[in-house]
Amino acid sequence: MNTRFSSDRRRFLLTAGAVAAAVALPPPLRAQGAGPDVAVIGAGGAGITAAKQLAAAGYRVVVLEARDRIGGRAFTDGSSVGVPWDRGCSWLHSSEVNPWVGYARANGFELVADTYPRRVFDGERPLGQAELTGLHALRERMNAELEAAGRRGLDIPAEEALTLATRQDEWYALAASGLTAWEGIEPSNFSALDSFHYAGRGDDLLIPKGYGNLLAHYARGVEVRLKTPVSRLRWSAGGVSLDTPGGTLSARVAVVAVPSATIAEGALVFSPWLPVDVLEAHHHLPLGLMNKVALRFKRNVFPGEASEVLRQRRAGWRGMSYITRLWGGNVAVGMSAGAFARELEAAGEQAAIDHALGELAGMLGGDVRRHFDRGAATAWASDPFSRGAYSHCLPGRFGARERLTHPVGDRIVFAGEHTEQSAYGTLHGAHLSGLRAARQAAGLLRRA
Ligand SMILES: Cc1cc2nc3c(=O)[nH]c(=O)nc-3n(C[C@H](O)[C@H](O)[C@H](O)COP(=O)(O)OP(=O)(O)OC[C@H]3O[C@@H](n4cnc5c(N)ncnc54)[C@H](O)[C@@H]3O)c2cc1C
């Protein structure tokens with residue numbers, strides 16, 4: 001499984017062709033009025049991409065961003081634990097079709113293949129070879145069963161695509177945690193067909209300077225108005241106008257590049273209302289959850305000098321995965337997902353740090369606690385401008401992503417990871433959606 005926890009691949013999910021890093025947009029036909037041609041809502045990977053492409057083609061673009069920073073769910077934290085760590089995205093997934101790979105290489109960002117060894121513990125005991133073979137075999141079986149369901153077009157919960165024997169396997173909870181990490185929610189809650197249409201192609205890469213910093217590099221020169229949340233988008237045949245605390249901005253076309261949940265939950269409303277199927281599509285693509293905990297130690301408490309990925313076998317779904325020795329430092333980053341991540345987030349940052357420390361101590365022994373220095377944890381679900389980590393498609397709702405690739409009223413274009421079927425839930429998906437949205441916005445402007 002191509003998960004955010006493991007370097008296994010969903011090699012059967014080969015639906016994407018080669019992708020372009022940039023698009024050639026038609027230039028603006030003529031200047032109309034004093035306002036911008038395009039107002040982009042949201043300065044994450046999708047909004048930044050759309051704005052950059054449109055501005056490069058000569059369109060007048062303004063980006064309105066609610067937070068006091070750009071990047072959205074792509075954000076490298078350079079201060080809390082002394083080494084850069086990504087609070088949101090960190091893996092360049094599907095490296096053979098991921099446009100950020102070429103961008104990073106062309107701009108001096110080192111990329112590192114995630115070939116870290118994986119170790120699983122039962123208490124303090126690392127699993128033996130026979131046990132690992134059993135776990136691996138189960139994962140392969142799960143992949144094959146999910147693929148078979150996808151090929152048959154079954155828009156059912158992923159869990160129902162698995163045989164009873166698979167679900168009753170002694171390693172099921174551990175193996176399924178990879179699926180939960182990928183989708184941010186347990187396999188009973190996401191569509192097997194949607195997951196089948198993700199294009200996994202190529203190894204996962206990591207970026208020592210940070211994936212968030214890569215996006216920030218790309219965003220240089222894009223004009224963004226920070227601390228400008230848009231509460232209402234009014235649209236008509238004549239254009240769009242956007243309500244913000246600082247006043248109303250008018251433009252000819254809007255690119256809406258905010259997380260699906262912010263629209264589904266009414267933080268950004270539309271006047272008149274969006275067509276029912278468009279609003280429904282946002283509801284059918286809710287955001288699952290992944291959270292991270294970064295722990296800094298005063299000395300190396302890990303088994304070796306090199307990084308590895310550790311996981312403890314836990315009852316139910318309550319385990320986290322840890323990358324140790326992040327970029328050679330005495331830092332580990334742990335990841336929780338799904339319902340357990342929600343539970344931890346609700347308990348607060350200190351509870352998440354305590355849980356991670358306890359789990360690491362359970363695997364590696366008491367030194368872990370003695371040499372602990374400081375920690376930090378993310379809380380993506382309660383962040384009002386994301387409301388989760390990344391989108392999944394509800395069972396029975398396949399097609400919602402595609403619905404959001406169609407402009408509304410010749411005035412509104414949607415972008416964001418949730419709209420990109422072959423790369424949903426990723427930063428390269430956000431980028432691809434931004435390229436598509438820029439093309440569509442330019443097309444609408446030439447018609448308007
Ligand atoms: C913990 C975690 C781990 C992840 N791991 C990976 C990974 O390893 N690899 C990978 O490729 N992807 C990963 N992802 C997913 C990836 O980060 C996202 O898919 C991607 O960054 C989404 O980009 P976006 O532009 O669609 O949305 P966002 O980045 O969320 O951008 C939307 C922007 O809109 C702004 N906004 C929201 N509401 C308003 C409003 N009303 N007015 C104005 N602005 C508003 C937000 O502040 C935000 O800046 C991870 C995400 C998380 C949270």
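1. Helices (H or I, at least four residues) and strands (E, at least two) are DSSP runs, numbered from the N terminus. The model is predicted: local features need pLDDT of at least 70, side-chain atom pairs count only at pLDDT 80 or more, and totals for chains, interfaces and linings use all residues. Residues are numbered from 1 along each chain as its sequence is written, and side-chain values use heavy atoms, with hydrogens and water left out.

2. Ser94 belongs to the loop between strand E5 (91-92) and H2. Its phi is positive, near 50°, and the residue is not a glycine. Most residues other than glycine have a negative phi, and most peptide bonds are trans.

3. The peptide bond between Ser271 and Pro272 is cis, with omega about -10°. Pro272 is in the loop that runs between strand E15 (269-271) and helix H9 (276-283).

4. The ligand is surrounded by 39 residues, a residue being near if one of its heavy atoms lies within 4 Å. Glu65, Arg73, Trp91, Val230 and Leu427 are the closest. The shell is made up of 21 nonpolar residues (Ala, Val, Leu, Ile, Met, Phe, Trp, Tyr, Cys and Pro), six charged (Asp, Glu, Lys and Arg) and twelve polar (the others, Gly among them). Helix H1 (45-56) and helix H14 (427-447) each contribute at least two residues to this shell.

5. An oxygen atom of the ligand is 2.7 Å from a polar side-chain atom of Arg73. A backbone N or O atom of Ala46 is 2.9 Å from a ligand oxygen atom. A polar backbone atom of Trp91 lies 2.8 Å from a nitrogen atom of the ligand. Of the 1,000 Å² of accessible area that the ligand has on its own (Shrake-Rupley method, 1.4 Å probe), the protein covers 99%.

6. There are eight aromatic pairs, counted when ring centres of Phe, Tyr and Trp (its six-membered ring) lie within 6.5 Å; planes under 30 degrees apart are stacked, over 60 edge-to-face and the rest tilted. Trp100 and Tyr103 make an edge-to-face pair, 6.0 Å centre to centre with 90° between the planes. These two are about one helical turn apart because they are three residues apart in helix H2 (residues 99-106).

Notes
Polar contact = N/O pair within 3.5 Å; in protein donor to acceptor, adjacent residues only side chain to side chain.
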